[in-house]
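Visitor: Could you walk me through one part of this protein up close? I would like to hear about the disulfides, and a helix to go with them.

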Amino acid sequence: MQRITVLKVLMLASALLAAAPAAAEIRIIQSPGGQVGPFLDLFEQVRESGERVVIDGPCLSACTLVLSIVPGERICVTKRAVLGFHAARSVDRRGRFYAEPEASEAVLAAYPGPVRDWISRRGGLTSRLLLLKGRDLAAIYPRCR
């Protein structure tokens, strides 16, 4: 079972990121999120690579951790970019979700100030998905050129 999960994460990472070596950029085209650990590992590698991150579609849940790991000056967004935030949660053995308030606080604290402020102005991280897009997103991250 664990092996299948790892394979799914690797497949998700492949679908999530499309590398364009000549342009030295990583493009996020669609990510529903998932388990935090693999995203942390992936974005650490991206940070170390020095590549630019282009958010070019939905980047939801754990995908938004890219904002906490990759320097902001190496992130840009397209008109299709949407960032989706919610409170941290875990799943028990029966498949039920439960809140992780301490993890939510840690994640919120790790986001850059303007993102953190935007989330706070909308009531903070809760079970409800907050979508940052359009002008609000462009006010925080530059449009890709």
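Guide: Here is a walk through the disulfides, followed by a look at one helix.

Please keep in mind that the model is predicted. Searching the whole structure turns up two disulfides. If you count the bonded cysteines along the chain, the pairing reads 1-2, 3-4.

Let us take the pair of Cys 59 and Cys 63. These two cysteines are joined by a disulfide, with an S to S distance of 2.1 Å. The torsion about their S-S bond is -105 degrees, a left-handed link. How accessible are the two partners? Cys 59 has a relative accessible area of 0%, and because buried means under 20%, Cys 59 counts as buried. Cys 63 is buried too, at 0% relative accessibility.

Now for the other bond, between Cys 76 and Cys 144, where the sulfur atoms lie 2.0 Å apart. Here the torsion about the S-S bond is about 105 degrees, and so this disulfide is right-handed. The bond ties together distant parts of the chain: Cys 76 sits in strand 5 (residues 75-77), while Cys 144 belongs to the segment after helix 6 (134-138), and 68 residues separate the two. Their surroundings can be read from accessibility as well. Cys 76 is buried, with a relative accessible area of 3%. Cys 144, at 21%, is partly exposed, because the limit for buried is under 20%.

And the helix I promised is helix 2. Helix 2 covers residues 36-49, which makes 14 residues. From its first C-alpha to its last, helix 2 reaches 20 Å, close to the 20 Å expected at 1.5 Å a residue. Which of its residues are buried? In helix 2 they are Phe 39, Leu 42, Phe 43 and Val 46. Looking down the axis of helix 2, you find its buried residues within an arc of 90 degrees, so they line one face of the helix. After helix 2 comes Gly 50, with a positive phi near 80 degrees.

Notes. Residues are numbered from 1 along each chain as its sequence is written. This is a predicted model: local features need pLDDT of at least 70, side-chain atom pairs count only at pLDDT 80 or more; totals for chains, interfaces and linings use all residues. Side-chain values use heavy atoms; hydrogens and water are left out. Helices (H or I, at least four residues) and strands (E, at least two) are DSSP runs, numbered from the N terminus. The expected span of a helix is 1.5 Å times one less than its number of residues. Buried means under 20% relative accessible area, exposed over 50%, partly exposed in between (1.4 Å probe, protein chains only). The arc is that of the directions from the helix axis to the C-beta atoms. A disulfide is a pair of cysteine sulfur atoms within 2.5 Å.
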